[in-house]
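Please keep the sequence and the model in view while reading.

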Amino acid sequence: MVVTGGLVVYAAKSVFQLYWTRKRLRPLHGSQNLPGPSPWPIVGNCIPLSSNLYQTLYQYVEQPISLYFIASTPFVVVTDEAAVRKVLGSGMYQKPKYFGYRSSTIRYSVEMNQKLILTNEQMRQQQADSSRKALKVMIDSKVSDIIDGMIEAAEAVVHAVDGREQVENIRRKVIELNLNVLFGYKNDKDVGSLSHIIFEAGKEFILRTVNPFRIGWRWMANFRFFQYVFSLITIGRRVCQHMDSQPATWVHGWVGKVGKIGKLGKVVGLIMASSQTVPTTCLWLLFLLSKYPQVVEKIREETSRVLHSTKKQSMEEFTVDDLNELAYVDCVVKECLRLYPPFPLLQREPEMDDILENVKIPARTPVYIVPWLLHHHPKYWKQPEDFIPDRFMYNASHGDAPSDFVYIPFGRGSRMCAGYHLALLELKILTIYVCQYYDWKCSFPQGKEPAMFPSISMTPENIEIYFSIRK
Ligand code: HEM
């Protein structure tokens, strides 16, 4: 009796919330609802979103703003270039508070003996830029470690026994490399645990968000998710202790003068952000290149040309400047990140009521930017579904798209990826290494080409890669 009563109240509340939200989130002029799939009571749009996230969202890609519901909680998706620019670049929209403020901003404020007044977007952008530069300088000084680490990662994929082990090995090796480069931290056991934890936590995070069957027992799903997060924090703690025992490095600067918990949060954030994205993109790169032998040939030619012009015996001796000479390889990596951006969603919310494309967005409404949608938008790209690295040849920052706010694998604005320089270096190194030394082809055990599984990043599943040494 009590259970039935509870269910009826829950269902009634959910219907009311759906109705009310759709009424509030309407274009200012006109009475029609915002475009989006019709929500069901209790589960909202969870069923289509969980079965095929991108395709569900893509149905409304031509609409500047569309509306979806996870259970009865609304979120809007923005695909119009001007609106994306405002959301990511203007400072009027912020990441939800639980992501934390950017530590470099905090450090700057402390250094300037100022109070923490985080309202000036220009200051934030400036500080974000300067901390990205500091990270770049540190990374450039470690390029030979990065080359060695990525070669090890490539070899671990080549020598894996099956597709599952290939995915596992690349993840482990990239985590090992990043922990070493970013924190000087080495620990095999933690690398193994992180590889498992981050993948499972990502999967759990998405499932607990969109899977309609989880709605009834969200507490249980949350419990599993928090178990992973807890393990992650335990490892983060060890990394922090290690950092504290070392002379100051760039990480101390990046993390800034925050308390112990703030520091732990920043370190865990860095570990999470760097652990899934690069390995995932490596796999997509190998998949794409196996389909385009003419692109592989161009990569080999360019590498040979740079080897010759720099008088180096092998790519292992390359410096950052040499790697920068590889303009075509750069285009290949960028085009891969366009087709398969590993970050599924950028989440923001307006700090106060705003108007976007004729729609009033009440303060704190979740607003999502989905890089995949922008990267496949027919209005912004010529032949959006095709793999055409040359589109980045004459404009390295956004290819043939109309602006920087359409090509956003690393996000934009003050919360743009901190590690994009490291990520691009790692991806370039893997690409030239495998092309120099191997031929390969892919097979798909379940018959069709790899599907995108929405974990923290979009990992290609169902793929096996067979390598042979180049003659
Ligand atoms: C292909 C590889 C990568 C991709 C596609 C990627 C993508 C992104 C994106 C889209 C964001 C912005 C999220 C938002 O705006 O809400 C982000 C943030 C971040 N990324 Fe990356 N990332 C990659 C690799 C890395 C690496 C290797 C590092 C390590 C240094 C890193 C560190 C970070 C950090 C610390 C943030 C948070 C910045 C902040 O909140 O201010 N990322 N990344």
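Cys417 is placed in the loop between helix H17 (371-375) and helix H18 (420-437); helices (H or I, at least four residues) and strands (E, at least two) are DSSP runs numbered from the N terminus. Its SG atom is the single protein donor to the iron atom of the ligand, at 2.3 Å. Donors are N, O and S atoms within 2.8 Å of the metal (3.2 Å for Na, K and Ca), and sites may look incomplete because water is not among the atoms.

The model is predicted: local features need pLDDT of at least 70 and side-chain atom pairs count only at pLDDT 80 or more, while totals for chains, interfaces and linings use all residues. Residues are numbered from 1 along each chain as its sequence is written, and side-chain values use heavy atoms, with hydrogens and water left out.

The table lists two pairings made by strand S4 (residues 346-350).

| Strands | Sense | Bridges | Opposite residues |
| S4 and S7 | antiparallel | 3 bridges | Leu346 and Ile369 |

S4 is largely enclosed by the rest of the structure, because 5 of its 5 residues are buried; buried means under 20% relative accessible area, exposed over 50%, and partly exposed in between (1.4 Å probe, protein chains only). Both of its faces are covered, with Leu346, Arg348 and Pro350 on one side and Gln347 and Glu349 on the other.

## Nonpolar cores

A nonpolar core is a set of buried Ala, Val, Leu, Ile, Met, Phe, Trp, Tyr and Cys residues joined through side-chain atoms within 4.5 Å. The largest one has 116 residues, and those with the most contacts inside it are Phe183, Ile299, Phe318, Ile369, Trp440 and Phe467. H18 gives the most to this core, with 11 residues. Apart from it lies another core, of 15 residues, including Leu53 and Tyr60.

Contact means heavy atoms within 4.5 Å. Neighbours within four places in sequence aside, the contacts of Trp440 include Leu286, Val434, Ile465 and Phe467. Phe318 is also among the residues in contact with Thr303, together with Leu326, Ile432 and Gln436, again leaving aside neighbours within four places in sequence. Thr303 belongs to helix H14 (residues 293-310) and counts as buried because its relative accessibility is 0%.

## Helix H16

The 13 residues of helix H16 (residues 327-339) should span 18 Å at 1.5 Å a residue, and the end C-alpha atoms are 19 Å apart, which agrees; the expected span is 1.5 Å times one less than the number of residues. H16 is mostly covered, as 12 of its 13 residues are buried.

Arg338 lies in this helix and is buried, with a relative accessible area of 0%. Not counting residues up to four places away in sequence, Arg338 touches His375, His376, Trp381, Gln383, Pro384, Asp386, Arg391 and Tyr407. The C-alpha atoms of Arg338 and Glu316 are separated by 28 Å, and these residues are 22 residues apart along the chain.

Key
Pairing = 2+ DSSP bridges.
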